[in-house]
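Hi everyone, thanks for having me.

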Amino acid sequence: MPGKLKAKIVAGRHLPVMDRASDLTDAFVEVKFGNTTFKTDVCPKSLNPQWNSEWFKFEVDDEDLQDEPLQITVLDHDTYSANDAIGKVYIDIDPLLYSEAASVISGWFPIYDTIHGIRGEINVIVKVELFNDLNRFRQSSCGVKFFCTTCIPQCYRATLVHGFVEELVVNEDPEYQWIDRIRTPRASNEARQRLISLMSGELQRKIGLKVLEMGGNAVVGYLQCFDLEGESGLVVRAIGTACTLDKLSSGSAPNTNTHMHPNTAPASNACNSPSKDGKESPLAHGCRSTHNSPVHSVCSSQRLSQNFSVSVPTLIFTGMGSGGSAGKEAGPLRTLLRQQTQTALEQREFPFFTLTSFPPGFLLHVGGVVSARSVKLLDRIHNPDEPETRDAWWEEIRQEIKSHARALGCHAVVGYSESTSICEEVCILSASGTAAILNPRYMREGCLDIGCTDHRFEEPSPPNCGFCHIPYDELNMPFPAQLTYCYHCRRQKVPDVLFTTIDLPSEAAVAGKGCLIQARLCRLKKKAQGEANATAISNLLPFMEYELHTQLMNKLKLRSMNALFGLHIQISVGENMLLGLASATGVYLTALPAPGGIQIAGKTPGDLSSEHISSIQKRINDTIAVNKELYQINPPELAEEGVGSPIPEPRHRSRLFRSHSESSDELSELDLSHGKKDAFVLEIDDTDAVEDIHSLLIDAPPPTGFYSCNTENMPGISNWTSGVQMFTSVRVLRLSNANLTNQGLNKIFTDLCENLLKSFYFKLRSMIPCCLCHLNFTVAVPEEELIQVTVTAVAMTYDKEQTQEKTAEKPVNKGSLEAEEQLQFPLELCADSSSSNIQTASKISDTVSLFTPAAKLCQNQLLIVRSAGVGESTNISPRAASVDYGSFADRCSTWLELLRLKAHTIRRGSVKTSRRTQSLAHSVSSLERCSPLQEGRSRSLRSSRSFGGSSVTVVKMTPLSFLSGTRIIKYLGIINMFFIRETTSLREEGGVSGFLHSFIAEVFAMVRAHVAALGGNAVVSYSMKECVFMENPNKNQAQCLINVSGDAVICISETDQESSASTANTGQTGGGGTDGAT
Amino acid sequence: MSVELDVFVGNTTIMDEEVYQLWLDGHTVNDAVKVRMEGGVMDECEASKDVLLSDTMDQYRTFQMCERLLHSPAKLANQLLFQIPPHRQIMLIERCSRDALIQLTHLFQRSHNSLFLYLFVKPPPLCYVSSHGNLFFVSLSLFRYYAFDDTFVREVLGKKLSKGTKKDLDDISAKTNVTLKSCRRQFDNFKRVFKVVEELKGPLVENIRQHFLLSDKLARDYAAIVFFANNRFETGKRKLQYLSFQDFAFCAGQLISNWTVGAVDNMVEDMDVDLDKEFLQELKELKILITDKDLLDQHKSLVCTALRGKTKVFIEMENNFKNLSRGLINIAAKLTNTKDVRDFFIDLVEKFIEPCRSDRWTAADMKLYLTHYTNSAHILDTFKHQVVWDRYMGVVKSCIFKMYHD
C-alpha cells in the first residue's frame, strides 16, 4: 500500500438552484476513489456553501493511483426523495505522482454535468503521500513523466533517446452495453467518461512500465487516441518516444532552450537570406571551386578571413574535416559511428520517433515522407485483455513504414504519428512519418551533453543544409528524383523537393516566409457493406493519395517553394464518400534548387484554345510572381550556367502530368522547359483539367498582415510578441444535393476550408500583424451528407520592425554558416542499411494486409533499383547493393514514389529506373558547433518581448510547445481530459451551434481550471484530438464528445526572467550553478 | 448545401464593440450584418458577406452566453467560462473614466484569480485599444447592458414591473422606435434590479451599484426607476408628458434622500423605497397654514412684503397666493393616501405649476417666490411645525424648480 491520497472539500459557489420553492440548494459532496466513498455534511440552503471538510484519506496502491481519477460528486440533499446530482468533477492525480511536478492540486473546479454543462464551482484540495521508492514496483510506473510536446521540453535535456513506445487497451463501450437501454443518458455518459479516464490511466501506466524497462524516465511526444468502434468496442491507444531527461537548473536553461524556439536564429537569417550578395562574393566562388577539386584548405583559409565569429573548436573541426574526407584518421571514427547508429537502431523493433523537432545535430538527413494505410473490417473484440487483433494491425502498418524508410536508405522514422478513421464497421488505419538518418550520439549513454562533447566525434557538416542531403544512395534511388548539388555547400546531392512530417529544423536556412498549403479532395463512393465496402475504399485510396500529392505539388510550385514541413494527410471515410485533406507548411529551402514554374499545355500544340491556355498560363505566372513577393522569397540566385559543370544534368526531369499522359516516352516528347529551370507541365485535355487549374488558383492568399502555417514555427518569423489567441472552430456542412459529382464535391469542400480560413482572418484582424500557427484541420463525415471540419490553431502577434532589424545582421551569420559548409565526411551508412534491406524488405512486402485489388496491382510492381556503374565512383567504396523495393505503395508509400507511380504504374509492369553512374560522397553531417547556438540564443532573447507579470491567474493555451515571450520553468504534468455533453433540449440551447459553442467554451474553462489548480498558468502542446458531434434535430437532441490534451506548465515572462536573473542565484532555484545572467 | 453548424471559440473571448451595441439594440443577425456591411468592415479583411454573417452569429451567441452572467454581474468577477488576461493595466487607467476605474478596482480587489470577459475590441485602426483596453471595455459593456433609452424608460416609469406591463411592450416599442428585443432587455433589467434590491438592507443607490457594478449615475437612475415602480407614481398623464426621465429621476433622488425611512434611519429594509409613514402623518399638521385665516394672511403679507418690487409678476403672485398655498398644502395633507401619493407629480403640475405658467412666471420668479414662501413660514409665531415644513418644502421646492420648464 504505497500511497495515501488526501482530499479536502472547501467550498462551493454559484451552485444552481435545486429547490424551486426556496430558490436555494442543500448541497453536499461525495468524494470517491476506487471503491471508497466519503461524504461531507449537508450545507443547507445555500448557493455558496462552505463545507470546510476534514481531510478524506484514501490508502491505495500506486497502481490505482495511476489508473483511477478522483471523483467528486456534488449533490442536492432531499429528505423525501432521492438526492439529485448537481454535477461531477474528475481530477486526474497523475501529476502528483512525479516528484518534480505539482505537489498539490488546489483550486476552483467547474462542476460539470453531462446534461446541463457547468453548474457552479467547487473548491478542492488534493495531496498525495507516497511511501516507498516506487520504481521498484513494476506494476506501477509512478515517476515516469509524460509530455505531449513533440520536442525535448524546455528546461530539460535529453541525455538519451530510447525510442518508440506504444500500447493499446480495449474495452466494451458502455454506450453499447445492454444496460444502456435501461439507464439514463446521464448515467451512460458518466460511465463512459469514467471508463475512458480509467483506460487512459491504465494505458499511461503500461507505457510507463515500458519506459522503465528501457531505462528511460519520460515519454515525450505522447499521443493518445480513442477509437470509438461502436459495437465492437472502445480502443484507447497511445504512442510516444521514451527518453531519459535531465532537468536543467534554471540558470543553465536558456542555453539549451534555444532549440525550443527553433527558427529564432537561423530562420531570421533565412527570411532575408539574400543571396545575391552570396553569389558575387568570393566565398561562394570558393565554395564552388571546392566542388571541382576538393581542396579544403582553400575553404578554411577563407573562412578565417571572412568570419569574425569563428571559435576555436570550429577551427579544429575544419582541420579534421578536410583531413577526414581523404585521410584515414576519420576512418575508424566513422566506422565506430556507423556501428553505433546501426546497433542502437537495429536493436529496436521500430526505430520511430514521435518527435517533430530535435536538438540541433540530432537529425542528419531526411529522406522523405513515408506513410502506410490499411483498411480493416471491425469485429467485436472478444477478449479485451488480449487485444491481439488491434495490436497486430498496427504492427503490420509499422512494419510497412519501417520498410519504406529502409527503402529510402534511412534507419529511422521521425515525426511519426498514427490515426484512424472509422465509419460503421470499416476502419482506415494510417501511419506516417519522415524517414531520416539520426546522429548516433543521442542513442548512446552520456554523450548528449552539448557542453562537454568529445570534439573528436563532432563531424561538422553544414547545419543549415545537411538535413536536405539525400540519405539514399544515388545509384539506388528508390524513386526518380531530380538531384542536384546542394545549393548551400555544393558538396552533396539534394532532391528538387522535400516533403516531411517534421517541423522545420531550427538550423535550416530558408528564404522568405512559409505558408500553409492544403490539398483537399472528395471522392464519392457507393454505399456498401462489409468486405465490398472495404474493397471499394482501398481501391480509392491510392488515387486519392495521388491526387492530393499532385495538388500539393502544384500549390507548392505556385508559391514558388520547394519543401513541405509538417505534412499531415488525413483521409476520412463516410458512408458514401471519402474526404482527403493534406496540410503542410511550404517553405523555400535555400539548399534546394529553385522550383520551376508551371507550364500549361494543351492536348495538341496548335489548339484552338491556345489563347485560352495562354491566358491561364499568364494567370499562373502572375500568381507565382505575386506569391514570391508575398512570401518574400528572394533566394540566392546561383547562376546555373556559372556552376554548370559540377551539377550533373539530371536524366529525368520529374514532371507531373495530369492523368492522361502515361508513358515515359511521352515525357521526353513534351519537353517544355520553363527557361532553364525545370517546369511543371499541366496538360489541359478536358474541362476537368481546366477546373483543376482554376481550383488551383482560387486559394486566396491570406490578407495583408496575416501568415499561416501548420507547424510549430513559422518559417521566416521569429520575433513573436506576447499576443496569443488559441481557438477552436467547428463547421458542419450539409450537402442537400443528392446527386453531386466529385468535381462539385471538391469545390464545396475546398470552399469550406477556404471560408474557414477567411473567417479566422476576419475574426483575428485586431491582432495584425499576426500569424496563425499550428493550423490543425480535422475532417470527418459524421453522417451521410454531412462534412465536419474542426480546426484548432493559435494566432500569435509578431513584431514587424524587428524583422527588418535582423536583416542587417545576417551577412555575418551567413559567412559563418557557409564557412562550415566546407566540411564533410563521407559515410557509407546508407549502403549498409540498404543491403540489410534486401532481406527485410522482401519479407515485408507480403505482410501488408490487403483487401484490395488496387493494392495488389501495386504490389506486382516491385521496383528494382540496381546500381550499375559502380566502379566509376571516385572516392568512396562503391556500393553494389540491389534493393528490392517491396510493398510498393499499395496505399501510400512515400510521396515521391507516388510521383513515379503516376507516371509509370498504370502501365502495369515493373519499371526500371535510370542508372546513374556518377556517384557522390554521402556525408553524414554531424552536430553543429556551439557557436551558432550561442548566436541563436542571444537573438532569441532579444526577439522576445513581453510585459510585466500579472497577479491574476490567466491560463494561456497554445498548440505549440512554447509560449512566445515566456520561458517554461516547470512542467506540471499532462492534461488529458474527456468530456461528453448531451442535450435533449437542443432548440432551447440555441440549436446545434449554441450547444457546441457553449460546450467548447466549457471544455476550455475546465482545462484552465485544472491547470490553475495544479499551480500552472499555461497549457502548451494543447490539442483537441477528438470532437465527435452527433445530432438528431427531430428529437431535439444532440451529443458531443471532446477529448483534449496538453502539458500544464508554469511559464514566466522572459523580461521577468532577465530582470530576476541577477537575483536568481539567491532565490528562485535550488539548483547549483545558476549562470543565467551571463 | 447549407451550413449546419458553425462555431468559433477562443481561449480568450473575442467580442466586437460594434456588434455588441447592435445586439443590445435588439437588431436581428441579418440586420446587424447589414449595418456592419454599410459600416465598411468588409473592406478591412477582404471579408465576404458569409464571413460577416458567421462572425455576427458567433458574437451573438457569445453575448447570449454572457447574458446570464451580466444578470448578476458580481459573479462575473470569478466566473470561469470566459477568460480575459488583464495585462497592461496601466494603459487601462489612462483610458478609464474615474468612475469606471473605481468599479474596476472594485472588481479587482474581489477576485485575485478573476477571469473576465476578454474583449478584443474594434478592428484596426482602433485595434491598439484591443490589447490595452480590455477591462475598460468590460465595465463599459456592463454599463451598456444596463444602459437604457430615456424614451423607453419614460414610458414605463411608475408602472408596475409586472407581466401585464411586459405585454404592452410592443406598443411601447412601436411608439418609441426602440426594438422590442431591446425593450424587453431594458424592462427585464429594471425588474431584476427591483427584485434584488427589494430584499436588501442599506442605501438603495449603493446597493444597486455594488450588486450590479454600475456607475454612480446609472445606479442613481436605476434607483429612481425602482422607486417610481414601487410607489407607482403617475407619470403618463398628458399634462406630465413634457417632463423627461431625467426630470423625474432628479425628483426621485430628492424624495429618496428626504422623505423615505432611510432619510432618518439607514438600517431598515426597504428604507429607500418606501416613504416615511410618520412623516406623511405629520404633514397633516401643515394644514393649519391654510385653515387658520390669520396665519394665512400673515404668511401672505410676509411673502408679499419680501417680493414687492423684485418681480414683474408681483400682482399675479399677490392675487394667487392663497390659491397656490392651498394647493401645496393640500398636496402635503393628502399624502397619507397611497392614491394621492401616486398623483403627487400630477398634483404639483395642476395645482401649482400650471397656474404659475399661465401667469407667465419666469424660473427666477418661481425661485424667488418659493424661497420666500418657505422662509416666511419660519417667522410665523404660531406655526410650530418648522421641521416638517422644511422637510416638505425642501423637496417640493427643488422638484418644482426642476419641473418648471416648457
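Two housekeeping sentences, then. What you see is a predicted model, so local features need a pLDDT of at least 70 and side-chain atom pairs count only at pLDDT 80 or more, while totals for chains, interfaces and linings use all residues. Residues are numbered from 1 along each chain as its sequence is written, chains are lettered from A and ligands numbered from 1 in the order in which they are written, and side-chain values use heavy atoms, with hydrogens and water left out.

Okay, first stop: A:Thr36. At 36% relative accessibility, A:Thr36 counts as partly exposed. You'll find A:Thr36 in strand 3, residues 36–39 of chain A. By the way, strands (E, at least two residues) and helices (H or I, at least four) are DSSP runs, numbered from the N terminus. What does A:Thr36 touch, leaving aside its neighbours within four places in sequence? The answer is A:Val31 and A:Phe58, where contact means heavy atoms within 4.5 Å. A:Ile207 is 171 residues away from A:Thr36 along the chain, and their C-alpha atoms are separated by 27 Å.

Now for strand 21 of chain A, residues 577–589. Is strand 21 mostly covered or mostly open? Mostly covered: 13 of its 13 residues are buried. In a regular strand, side chains alternate between the two faces of the sheet. Here both faces are covered, with buried residues including A:Met577 and A:Leu579 on one side, and A:Leu578 and A:Tyr588 among those on the other.

Who sits beside strand 21? Strands count as paired if DSSP finds at least two bridges between them. A hairpin of three residues connects strand 20 to strand 21.

A:Glu1031 stands opposite A:Ala1038 in strand 33.

On to A:Gln788, in strand 27 (residues 786–798) of chain A. A:Gln788 is buried, with a relative accessible area of 2%. Not counting residues up to four places away in sequence, A:Gln788 touches several residues, including A:Val730, A:Thr778 and A:Phe1029. There is also a polar contact of 3.1 Å between the side chains of A:Gln788 and A:Thr790. A polar contact is a pair of N or O atoms within 3.5 Å; within protein, one must be able to donate a hydrogen and the other to accept it, and residues adjacent in sequence count only if both atoms are side-chain atoms.

Most residues other than glycine have a negative phi, and most peptide bonds are trans. The bond from A:Ile768 to A:Pro769, though, is cis, with omega near -5 degrees. A:Pro769 is in the loop between helix 16 (742–763) and strand 26 (770–780) of chain A. A:His14 isn't a glycine, yet has a positive phi of about 55 degrees. That residue, A:His14, is in the loop between strand 1 (3–13) and strand 2 (27–33) of chain A, and at 17% relative accessibility A:His14 counts as buried. Over in chain B, B:Arg232 also has a positive phi, near 55 degrees. B:Arg232 is in the loop between helix 14 (216–231) and helix 15 (245–259) of chain B, and is partly exposed, with a relative accessible area of 30%.

Notes
Buried means under 20% relative accessible area, exposed over 50%, partly exposed in between (1.4 Å probe, protein chains only).
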